[in-house]
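Open the viewer and keep the selection panel at hand. This tour goes stop by stop, with something to select at each.

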Amino acid sequence: MFEHDFLALFPEIFLINATIILLIYGVVFSTSKKYDYPPLVCNVSWLGLLSVLITILLVASSTPLTVANLFYNNLIIDNFTYFCQIFLLISTASTIVMCLGYFKEESLNAFESIVLILLSTCSMLFMISAYDLIAMYLAIELQSLCFYVIAASKRDSEFSTEAGLKYFILGAFSSGILLFGCSMIYGFTGVTNFEELAKIFTGYEITLFGAQSSGIFMGILFIAVGFLFKITAVPFHMWAPDVYEGSPTLVTAFFSIAPKISILANMVRVFIYSFYDPTWQQLFFFCSIASMILGALAAMAQNKVKRLLAYSSIGHVGYLFIGFSCGTIEGIQSLLIGVFIYVLMTINVFAIVLALRQNRFKYIADLGALAKTNPILAITLSITMFSYAGIPPLAGFCSKFYLFFAALGCGAYLLALIGVVTSVISCFYYIRFVKIMYFDTPKKWILYKAMDREKSLLLAITLFLISFFFLYPSPLFLVSHQMALSLCL
Amino acid sequence: MEFAPICVYLVISLLFSLILIGVSFLFASSPNSAYPEKLSAYECGFDPFDDARSRFDIRFYLVSILFIIFDLEVTFLFPWAVSLNKIGLFGFWSMIIFLLILTIGFLYEWKKGALDWE
């Protein structure tokens with residue numbers, strides 16, 4: 001009945017099976033008296049990394065350039081999902097690579113967190129290829145459930161517990177809003193499939209007080225608000241700094257990297273493909289401006305590293321929404337490029353934060369004189385910070401430039417103006433890192449332990465990509481153009 | 001429509017139980033015979049040794065969460081069991097996969113020791 005569908009879903013099936021096997025392996029051997037109750041978290045994370053890599057191969061080996069609707073149109077596979085899934089899996093793999101050392105030092109004997117990371121990766125794969133409101137909601141919920149658990153995974157830290165609770169309450173609230181939006185849409189149209197919705201909404205003009213249905217307007221509004229909660233755009237961002245700060249660092253890294261890709265992919269699918277209309281674009285226009293301004297201003301007052309990175313990610317969501325609120329092909333393409341480069345830079349920063357964390361690296365001031373104690377790491381961090389800030393020859397500049405270019409191309413001059421201004425403001429706090437590392441003499445010198453090989457490789461690769469992106473950007477531009485085309489055509 | 005007798009039944013049984021409770025008040029010899037000794041907590045004849053508040057055992061939560069999970073499993077099993085002759089082998093195996101995943105969760109709990117009570 002569904003033979004071809006199962007073939008097309010082979011990567012997901014593989015990943016689920018691998019997760020299950022890892023779960024059983026972990027629980028059987030970590031409770032075995034014969035082996036003296038070994039902490040299996042390192043083994044399980046290496047095996048998890050291996051299974052993510054195999055999943056990348058499986059996704060990549062399926063032929064692109066085909067469009068397939070699976071399981072009664074519940075899932076779709078096309079160019080967009082193909083590249084998004086590969087990208088998501090790569091970012092998950094690099095998160096696991098980052099936290100290998102963390103597990104070793106932290107004597108944290110919870111292999112379940114790796115199992116949960118794999119499960120949430122799988123649900124994010126489904127999220128990217130979801131083609132129906134129900135499938136979308138189920139995938140989002142599976143992902144969020146895994147996240148609630150790993151946010152609260154450090155039981156002896158009250159920050160982690162608080163973060164988990166906050167994340168759970170606000171996540172459940174936003175899921176409720178999203179679900180209410182979905183049911184409004186279903187109630188007023190009678191369909192949940194994205195393709196059917198796209199057919200209904202072509203030339204529809206969703207206005208609140210116009211002649212058209214206000215129920216559909218409310219539905220789209222609620223879905224948008226639910227998504228904005230999930231992606232931490234500004235009026236709905238309040239949970240992000242606390243959760244980012246409270247959760248264990250590797251969890252923060254995972255939160256700020258992987259779900260951004262999948263939720264943005266899902267949002268683009270819903271709002272560009274199904275509900276394409278200028279009305280909701282005003283909403284994203286507003287959120288984009290607000291996120292950029294808040295990200296720039298609030299991060300200035302932060303002293304803690306993870307909190308600062310949370311605000312910086314809020315600001316970056318604002319920049320990404322520039323591409324979204326244009327709604328043109330260039331806009332979508334620039335959004336995708338922006339996501340790619342943002343994830344690249346975030347992987348780099350969090351690898352550094354995780355490498356420095358042995359001495360409770362919590363405040364920015366702890367970086368003092370890093371240029372003397374570890375000059376190469378200091379250079380890496382400065383280059384990444386310059387790239388975040390958007391200093392010319394680096395990757396971050398290219399992404400922001402292309403986003404502003406797309407905004408100018410579709411006539412959103414205000415967006416481009418505010419984007420440039422906030423990006424100049426945010427230079428202040430990104431460059432503060434560099435100032436602290438190179439010019440401050442701290443009261444007490446902190447010597448950090450050397451990082452492990454996996455993290456240094458990851459840092460080297462991402463740093464290379466960040467600094468030499470401008471020499472050969474065409475592959476990324478081609479791929480993102482292909483993705484945008486497959487979505488819009 | 002078949003819920004109407006059940007509603008009537010609920011009301012009648014509520015009335016009946018109220019009557020059963022009330023009758024003992026009617027025939028009690030001295031209704032206001034409560035005095036402090038009679039109202040004190042019964043702890044095998046002694047005065048209570050320590051505070052009534054004790055730490056709540058986490059195992060109760062575990063058991064209730066497990067109950068919720070497997071209760072949900074049963075709700076999925078009902079429609080499957082009723083329509084088994086219509087859905088064929090494919091429906092059968094779909095449910096088997098669902099059950100397998102739940103069984104793996106159960107195995108995890110078992111090995112983790114969530115089901116041990118001492």
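**Stop 1: a helix pair.** Keep in mind that this is a predicted model. Select helix α2 (residues 10-30) and helix α3 (residues 41-61) of chain A. Their axes lie 9 Å apart and pack at an angle of about 170°. An angle over 145 degrees counts as roughly antiparallel, so α2(A) is roughly antiparallel to α3(A). Now show side chains. From α2(A), the contact residues include A:Phe10, A:Phe14, A:Leu22 and A:Tyr25. From α3(A), they include A:Val44, A:Leu47, A:Ile54 and A:Leu58. By class, this contact has 12 nonpolar, 5 polar and no charged residues.

**Stop 2: the loop of that pair.** Select A:Asp36, in the loop between α2 and α3 of chain A. Its phi is positive, about 65°, although A:Asp36 is not a glycine. Is A:Asp36 buried or exposed? A:Asp36 counts as exposed, at 61% relative accessibility.

Stop 3: Go to A:Thr232, in the loop between α9 (214-231) and α10 (239-246) of chain A. Phi of A:Thr232 is near 60°, again a positive value in a residue other than glycine. A:Thr232 is buried, with a relative accessible area of 1%.

**Stop 4: where the chains meet.** Show chain A and chain B together. The contact takes 11 residues from chain A and 7 residues from chain B. The two chains bury about 860 Å² between them, 82% of it on carbon and sulfur atoms. Select A:Ile20, A:Ile24 and A:Val27. These three supply 41% of the area that chain A buries against chain B, more than any other three residues. How many salt bridges are there between chain A and chain B? The count is 1. A:Glu112 forms a salt bridge with B:Lys112, and the closest N and O atoms are 2.9 Å apart.

**Stop 5: two residues in helices.** Select A:Ser91 in helix α4 (residues 79-106) of chain A. A:Ser91 counts as buried, at 1% relative accessibility. Leaving out residues up to four places away in sequence, A:Ser91 touches A:Ile257, A:Ala258, A:Ile261, A:Val343 and A:Ile347. Then move to A:Tyr438 in helix α18 (residues 413-439) of chain A. A:Tyr438 is partly exposed, with a relative accessible area of 29%. Beyond four places in sequence, the residues that A:Tyr438 touches include A:Lys372, A:Pro375 and A:Ile379.

**Stop 6: salt bridges.** The structure holds 9 salt bridges over all chains. Start with A:Glu162 and A:Lys166, whose side chains meet at 2.8 Å, N to O. Both lie in helix α7 (residues 158-189) of chain A, 4 residues apart, about one turn of the helix. A:Glu162 is partly exposed at 39%, and A:Lys166 is partly exposed at 28%. Next, select A:Asp242 and A:Arg307, a salt bridge with its closest N and O atoms 3.1 Å apart. A:Asp242 lies in helix α10 and A:Arg307 in helix α13 (residues 305-326) of chain A, so the pair ties together parts that are 65 residues apart in sequence. A:Asp242 counts as partly exposed, at 24% relative accessibility. Which residues do salt bridges with shared partners join into one network? Select A:Glu162, A:Lys166, A:Asp242, A:Glu245, A:Lys304 and A:Arg307.

**Last stop.** Select A:Lys455 and A:Asp452, whose side chains meet in a salt bridge at 3.8 Å, N to O. A:Lys455 and A:Asp452 are both buried.

Notes
Residues are numbered from 1 along each chain as its sequence is written. Chains are lettered from A and ligands numbered from 1 in the order in which they are written. This is a predicted model: local features need pLDDT of at least 70, side-chain atom pairs count only at pLDDT 80 or more; totals for chains, interfaces and linings use all residues. Side-chain values use heavy atoms; hydrogens and water are left out. Axes are lines fitted to C-alpha atoms, for helices over the stretch in contact, and angles run from 0 to 180 degrees between N-to-C directions. Angles under 35 degrees count as roughly parallel, over 145 as roughly antiparallel, 65 to 115 as roughly perpendicular and the rest as oblique. Contact means heavy atoms within 4.5 Å. Ala, Val, Leu, Ile, Met, Phe, Trp, Tyr, Cys and Pro count as nonpolar, Asp, Glu, Lys and Arg as charged, and the others, Gly among them, as polar. Buried means under 20% relative accessible area, exposed over 50%, partly exposed in between (1.4 Å probe, protein chains only). Buried area is the accessible area (1.4 Å probe) that two parts lose on being put together, summed over both. A salt bridge is a side-chain nitrogen of Lys or Arg within 4 Å of a carboxyl oxygen of Asp or Glu.
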